[in-house]
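Please open the structure in a viewer and keep the selection tool at hand. The stops below concern charged and aromatic side chains.

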Amino acid sequence: MKKSLLTLALVAGFSLSAGAHQVWLEREGSVAKAYYGHWSHDFMEKRSGKRLGEIKGKEVLPQGALQKSEPLEDGIELKLGKVKDIALIEALDPRKGKMVETIIRTTFLARHGRSETKALMELDLVPQSAEGNTFTLLFRDKPLARTKVTIYAPHKWSKSLMSDDEGKVTIQTPWKGMYLMEASYMDEAKGVVNGKEYEKSNYVMTLVFVNESGIAWAEPAK
């Protein structure tokens, strides 16, 4: 009974998640897998569909980390060298946004690991200490204040927080298992890429890490 009440108390504040597409990384040792879809819904785009082909799996950071990439039916397998945290950058061609006429270039950025206290991507959540729960949201190394950051817990429920005036956000990780954090930023600067003009750049980043200790998740008793 006490365990059930504790679980219910911890779940309070989390909600069922919904959102746009993400790119995220899952890793086991020297092999990572990149997925495109909705992590919280266990939905991955398939090779037989149209959208997974947008993700190439070629730009992996730090430089030299990627040894080989191979397409999978539901993602891309990345074989890595000896590295700690890794990141994958996927910049799509500019296109008109949904419900608007604005031409937007979307860049998906995916990081795995919170062991290094440095930015790997243009938009990144950088841990204040190795394996810590306080992060600074940075865009091109500058803090993003008052920006929404969403955390998805192992049970796939989500909770949204706001970074403070210094771009910092602190999360709770009471459960054992995989967590995903997400943030986005719209850059108003115009540009041209591959001969295609765009009016804005939309950056969508994820950070995945595994909490090795904590409460094993189970559905609360009714």
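The tour goes through salt bridges and then turns to aromatic rings.

This is a predicted model, in which local features need pLDDT of at least 70 and side-chain atom pairs count only at pLDDT 80 or more, while totals for chains, interfaces and linings use all residues. Residues are numbered from 1 along each chain as its sequence is written, and side-chain values use heavy atoms, with hydrogens and water left out.

**Salt bridges**

The whole structure contains 14 salt bridges (a side-chain nitrogen of Lys or Arg within 4 Å of a carboxyl oxygen of Asp or Glu).

Select Asp124 and Arg111, whose side chains form a salt bridge with an N to O distance of 2.8 Å. This pair links distant parts of the chain: Asp124 belongs to strand β11 (residues 123-127) and Arg111 to strand β10 (residues 103-112), 13 residues apart. Strands here are DSSP runs of E with at least two residues, numbered from the N terminus. Both Asp124 and Arg111 are buried; buried means under 20% relative accessible area, exposed over 50%, and partly exposed in between (1.4 Å probe, protein chains only).

Next, select Arg140 and Asp187, which meet in a salt bridge at 3.5 Å, N to O. Arg140 lies in the loop between β12 (134-139) and β13 (142-143), whereas Asp187 lies in strand β17 (residues 177-187), 47 residues apart. Arg140 is partly exposed, at 42% relative accessible area, but Asp187 is buried, at 12%.

**Aromatic rings**

Seven aromatic pairs are present in the structure. Rings of Phe, Tyr and Trp (its six-membered ring) pair if their centres lie within 6.5 Å; planes under 30 degrees apart are stacked, those over 60 edge-to-face, and the rest tilted.

Select Tyr36 and Phe108, an edge-to-face pair with 5.4 Å between centres and 65° between the planes. Tyr36 is in strand β3 (residues 31-38) and Phe108 in strand β10, 72 residues apart. Tyr36 and Phe108 are both buried.

Continue to Phe135, Tyr179 and Phe209, which ring pairs link into a cluster.

Finally, select Lys156 and Trp39. The charged end of Lys156 sits over the Trp39 ring, 4.5 Å from its centre (NZ of Lys or CZ of Arg within 6 Å of the ring centre and within 35 degrees of the ring normal).

Methods. Helix = DSSP H or I, 4+ residues; strand = E, 2+ residues; numbered from the N terminus.
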